[in-house]
Amino acid sequence: MDVSQNLAEIKTTIEEACSKSNRNSNEITIIAVTKYVTIERTMEALNAGIVDLGENRQEGFIEKYNHVGKQVKWHFIGSLQSRKVKDVIDKVDYIHSLDRLSLAKEIDKRASSTVDCFIQVNVSGEASKHGLQPNSVMPFIESLSDFSKIRVVGLMTMAPHTDDKVLLHKVFRELRELRDEIQGKNYQHAPCQFLSMGMSNDYDIAIEEGATHIRIGSKLVGSDR
Ligand SMILES: *Cc1c(COP(=O)(O)O)cnc(C)c1O
């Protein structure tokens, strides 16, 4: 399928989810996750109007970045090894996977200006998932005030791979409630206004629960590398 056709369908679903939850679709950023696809397919996404791209590995990111450059916003969405921070830090616009102090230290040391970060939270508690336990998030954010180059712009989670809509609503709602709690603290280094949640199989539910950034790979650009 054409990326533009896929995008049109996704936008229809976004509108439906927004009207269900009394939201405005202009609050929602679609991040095209290009980790599965070629540069040609990535360029197709840009031609279709995509302006935010996501990659989950340093190698894939650098390959795409070298081709596409700064004409888009770059979202680093995968787990980031501290030793690779220096290779990506001044190229990415957002890091969605901040989940430990050692990584924060490395980002703070290597970045030449403020970096917008999402804290990754393991809401579902699955052992296979990265991210902080929900009850560790607030103390973690407090400890980040020492790092002048880190700005916490939001929280990110990956929901379990399931068709259980009740469970998906619950996971996304829990992240939103945690975000609201942090926002209420008015931390200067952590405005925490965004929610990065929702992928190909669950973005409609994530939007109903307040997602501001949805990360869509297979349903938008495909998974055919
Ligand atoms: C791969 C990936 C996505 C996109 O997954 P799809 O199910 O193909 O939409 C979103 N977020 C993260 C962190 C990913 O690694």
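Cys18 is buried (under 20% relative accessible area, with a 1.4 Å probe and protein chains only), at a relative accessible area of 1%. The model is predicted, so that local features need pLDDT of at least 70 and side-chain atom pairs count only at pLDDT 80 or more, whereas totals for chains, interfaces and linings use all residues. Residues are numbered from 1 along each chain as its sequence is written, and side-chain values use heavy atoms, without hydrogens and water.

Cys192 is likewise buried, its relative accessible area being 0%. The closest cysteine sulfur to that of Cys192 belongs to Cys117 and lies 11 Å away, too far for a bond. Across the whole structure, zero disulfides (pairs of cysteine sulfur atoms within 2.5 Å) are found.

Around the ligand there are 13 residues, of which Lys35, Tyr36, Ser200, Gly217 and Ser218 come nearest; a residue is counted as near if one of its heavy atoms lies within 4 Å. By class, this shell comprises seven nonpolar, four polar and two charged residues.

Oxygen atoms of the ligand are placed 2.6 Å from a side-chain N or O atom of Lys35 and 2.6 Å from a polar side-chain atom of Ser200. For Gly217, a polar backbone atom is 2.8 Å from a ligand oxygen atom. Of the 390 Å² of accessible area that the ligand has on its own, the protein covers 92%, with areas computed by the Shrake-Rupley method with a 1.4 Å probe.

How values were computed
Polar contact = N/O pair within 3.5 Å; in protein donor to acceptor, adjacent residues only side chain to side chain. Nonpolar A, V, L, I, M, F, W, Y, C, P; charged D, E, K, R; others polar. Buried < 20%, exposed > 50% of the residue type's maximum accessible area, 1.4 Å probe, protein only.
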